[in-house]
Amino acid sequence: MSMKLGRFVVGASHAVALLALLAADVSAAGPDVVAAGETPDDARLDPLKDLNGYFPFTPSESPEAWQKRAGEVRRQMRVALGLWPMPTKTPLNAVVHGKVDRDEYTVERVYFESMPGLYVTGSLYRPKSAKGKVPGVLCPHGHFGGGRFHDAGEAQVKQSIAQGAERFEEGGRSPLQARCVQLARMGCIVFHYDMLGYADSGQISFELAHRFGKQRPEMNSPTNWGLFSPQAEEHLQSIMGLQAYNSVRALDFLTSLDGVDPRRLAVTGASGGGTQTFTIAAIDPRVAVAFPAVMVSTAMQGGCTCENCSLFRVGTGNVEFAALFAPKPQAMTSADDWTKEMETKGFPELQAHYKMLGAPDNVSLAALTQFKHNYNYVSRAAMYDWFNKHLGLGHEEPIVEQDYQRLTSDEMTVWNDDHPQPEGGDAFERKLLRWWTDDANQQIAALRPKDESSLKAYREVVGTGIDVVIGRGLPESTELEYDQTHKVERGDVIEMAGLLRNKTHGEELPIAFLYPKQWEGRVTIWLSDKGKAGLYQNDGSLDPYVARLLERGVSVVGVDLLYQGEFLAGGTPIDKTPRVANPREAACYTFGFNSSVFAQRVHDVLTTIAFVRGHDYTPKRVDLVALDGTGPIAAAARAQARDAIGRAVIDTSGFRFGEVRDLWSVDFLPGGAKYDDLPGMLAVAAPGELLLAGEKGQSAKLVEAAYAAAGDKSNLTIASPDKQKSLATTAVEWLLRD
């Protein structure tokens, strides 16, 4: 008597024995490797990192090493900001009107469209004495009350003068206007523009842009969503991203002016304007000189929702963002705030970094810790000298700021009867995000693979975007170590278990290996929503499909991914992802600094793949099976591992990140829907052998096209429902078909 298992035959008595051989002395969950009631020693179980954490910067050892790292960080920034691919640059339709004439300069009112219907507003300062091309300077204002319309008031400016922070009662009431005026007097054309929700920028409210605290159910929709919703986060749409793109378009506006020298563009701002400064300086190569004030620090990274977005600071921080500008000239200030330790923590590393790149004199810090958070006269004076030197303005130093006549808000506002304020509110917000989504989708659709060349282009954009969304590729074998705690010979199989550590990231995975004594060189990583317990049945005997693989000489590996199996210490599986203590319901405060649970589980699969491939016995092939809810994790891991996996069996069950309706779902992945969702992850892994279930009809077309473009269409098998055969049976037959 025998049992037929696909294309192979085993004796019935042998099969029964194999199924039962692990039942004795094994719990229903398989062998435990952590003491009862304890969990793995894994850094991810510690409190999450938040914006008040510590963010050191370690300079690279060589310019070549930095070039690689800089490319990774800059790409991470652009992806996180929703600017990968960069939105289509539509006409600015700039309007400049309402000139105000002062002694040495003029001020005009400006508005233009950064995206269709979204207006950037501001004041344009021009020197009267300008001859030829002159430098252009962007001035983002930061979190000063009223923004561009800021007036500190008579009492405050008198106190500032007494402290030595300001010089004049009139001009000192607006340190924001003061720097624009002085830079214009020095010969620069200056654009002072509004952050979203400030001054004339009212289409998205101040409360939404900078004070968002609670999710809006009415803006959480799979097709017509608003900012801060799960859908916006899955498409990497944020206030920070919009403001960064407004800065890109502000540079476009400046360089469109006849009098601006495009080779001498500078940016300076303080506080939230400092965040805008180092962000645009890092992502736009046109910026030549930068001066981010009171913001670059290893401490607090920026508290506002306009300074944070998902993925942005995972594994990096503001000092490294500033380092991206090197070797171009950059100076900054510190104050008696979160930047007060910059002189000893952060700036020495920046100095070493600039020295390594051959430009030690191109970085400077004015440590003005006698003052609270500011962009006061003393700080501005440091900026004037820096810009004078590096923009080639030719003034005698020190440059002493003079008083000026402040503009009133009525003199600055861009909206009037002839220039009516545009629509805003919820309907506008939805329309704006719809355009942003459609534009990205159209750009990605144009890249969808048709041949080898287009597949390469698709991978360069979509694959690279997915790289950042997942946040990690295969680790090096040197990063891993294995501590075996369990080994038992059971007939023809050796059962082993232990802890697999990723030393680089402080992660520790309970892992089990079933090794047939007649091993034929292949390994199958068997993923399960039960972790390594998925190798076994409830009575502790082997899963029958695992047993089939072992009988054919295939070693099988099971692993507890984060919050599976022994990570739960006997508790129930989590249904909500951990979050930081910040009470505001914005994803950026958690996922701007920490990978999601979904991404971390993908990391665990990648760690397992790297270990199995690099182990002493060097397998001929490593396969991956994910049938019971882990299919999306496997698809994401395959997108990163690619050729490291031989054959993969993935049941997606039709899952889509874009349909996740809860920010705290364990399936939530910031950016997961942006790059053709789950089919995009499957497509970039072509042409690795794949048995795909859960996708049919149109949903499988993209994957089929990628395999055809790769010239290996036969490597893709779409599983069709078979009432006579389970998917697991089909999977095992497919894995063992030769």
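Which residues have the most contacts inside the largest nonpolar core? In this predicted model, local features need pLDDT of at least 70 and side-chain atom pairs count only at pLDDT 80 or more, whereas totals for chains, interfaces and linings use all residues. Residues are numbered from 1 along each chain as its sequence is written, and side-chain values use heavy atoms, with hydrogens and water left out.

The largest nonpolar core comprises 166 residues, and F191, I204, L242, L350, M681 and L690 have the most contacts inside it. A nonpolar core is here a set of buried Ala, Val, Leu, Ile, Met, Phe, Trp, Tyr and Cys residues joined through side-chain atoms within 4.5 Å; buried denotes under 20% relative accessible area, exposed over 50%, and partly exposed the range in between, with a 1.4 Å probe and protein chains only. When neighbours within four places in sequence are set aside, L350 is in contact (heavy atoms within 4.5 Å) with F57, V319, A322, A323, M332, M342 and V363. Another core, of 36 residues, lies apart from the largest one and includes A288, A293, Y375 and F387.

Helices (H or I, at least four residues) and strands (E, at least two) are DSSP runs numbered from the N terminus. Nine strands form an open sheet with mixed pairing, in the order β3-β4-β5-β7-β6-β8-β9-β10-β11; two strands pair if DSSP finds at least two bridges between them. Axes are lines fitted to C-alpha atoms, for helices over the stretch in contact, and angles run from 0 to 180 degrees between N-to-C directions. Strands β4 (residues 105-115) and β5 (residues 118-127) run antiparallel and are joined by ten bridges; R109 has S123 in β5 as its bridge partner. Helix α4 (residues 175-185) packs on the sheet, where it touches β4, β5, β6 (134-140), β7 (189-193) and β8 (260-270), and its direction makes about 50° with that of β5. Helix α7 (residues 239-256) lies across β3, β4, β5, β6, β7 and β8 and runs at about 125° to β4.

Strand β15 (residues 522-527) pairs with β16 in the parallel sense over three bridges, and S555 in β16 is the bridge partner of V523.

In the loop between β16 (555-559) and α16 (588-591) is Q564, which counts as buried because its relative accessibility is 5%. The side chain of Q564 reaches the backbone nitrogen of G531 at 3.4 Å. Beyond its neighbours within four places in sequence, Q564 is in contact with S528, D529, K530, G531, V559, R601 and T630.

Helix α2 (residues 63-80) contains the buried residues W66, A70, V73, Q76, M77, V79 and A80. These residues pack against α8 (272-283), α9 (318-323), α10 (347-356) and α14 (452-470). Just after α2, G82 takes a positive phi of about 75°.

Terms used:
Polar contact = N/O pair within 3.5 Å; in protein donor to acceptor, adjacent residues only side chain to side chain. Expected span 1.5 Å × (residues − 1).
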